[in-house]
Amino acid sequence: MAKKILVIDDDPVVVKYLTALFRDNGYETLQASDGTEGLKILKQATPDLITLDLEMEKQWGTQFYRTISKNPEYQDIPVIVVSGMPRPDLSIKKAVAVVRKPFDPDELLKIVRQHIGE
């Protein structure tokens, strides 16, 4: 069974790109345009990994992360911050990785494989 990745980003181009990248490499994907939508998806299907943008219109990635980190069911899901903000590494200290936009797709895939395999 394919590993599942939840992509949370308010930029539809980034969501489409990450979805294609992960699917082309054998992962199943779920998509959310903000943290609120991401929480709804989590209640339906628990992903193996989450890529999380920080700056989103409805709910910022940091708020989403605080919410899931308080829930034992979700707190062990690896989160990769994918952001164009300056110093995104300071926002979510327990993220397994921080990738700055624009990013190298091979580097992102390498990080994903390190944390959930293929």
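A polar contact is a pair of N or O atoms within 3.5 Å. Keep that cut-off in mind for the first stop. The model is predicted.

**Start of H4.** Select Asp104 and Asp106. Asp104 caps the N-terminal end of helix H4, with a side-chain oxygen 2.9 Å from the backbone nitrogen of Asp106.

**Along H4.** Now select residues 105–116. These 12 residues make up H4. From first C-alpha to last, the helix reaches 16 Å, close to the 16 Å expected at 1.5 Å a residue.

**The buried face.** Show the side chains of Leu108, Leu109, Ile111, Val112 and Ile116, the buried residues of H4. Look down the helix axis: they fall within an arc of 160°, so they line one face of H4. Next, display what covers them. The cover includes strand S1 (4–8), helix H1 (12–24), strand S3 (49–52), strand S4 (79–83) and strand S5 (97–100).

**End of H4.** Step on to Gly117, which follows H4 and has a positive phi, near 75°.

**Aromatic pairs.** There are two to visit. Tyr17 sits in helix H1 and Phe103 in the loop between S5 and H4, so the pair ties together parts 86 residues apart in sequence. Tyr17 is partly exposed at 40% relative accessibility, whereas Phe103 is buried at 18%.

Finish with Phe22 and Tyr27. This pair is edge-to-face: 6.3 Å centre to centre, 85° between the planes. Phe22 is buried at 0% relative accessibility, and Tyr27 is buried at 2%.

Key: Residues numbered from 1 in each chain as written. Predicted model: local features only at pLDDT ≥ 70, side-chain atom pairs only at ≥ 80, totals over all residues. Heavy atoms only, no water. Helix = DSSP H or I, 4+ residues; strand = E, 2+ residues; numbered from the N terminus. Expected span 1.5 Å × (residues − 1). Buried < 20%, exposed > 50% of the residue type's maximum accessible area, 1.4 Å probe, protein only. Arc of directions from axis to C-beta. Contact = heavy atoms within 4.5 Å. Polar contact = N/O pair within 3.5 Å; in protein donor to acceptor, adjacent residues only side chain to side chain. Phe/Tyr/Trp six-rings, centres within 6.5 Å; stacked < 30°, edge-to-face > 60°.
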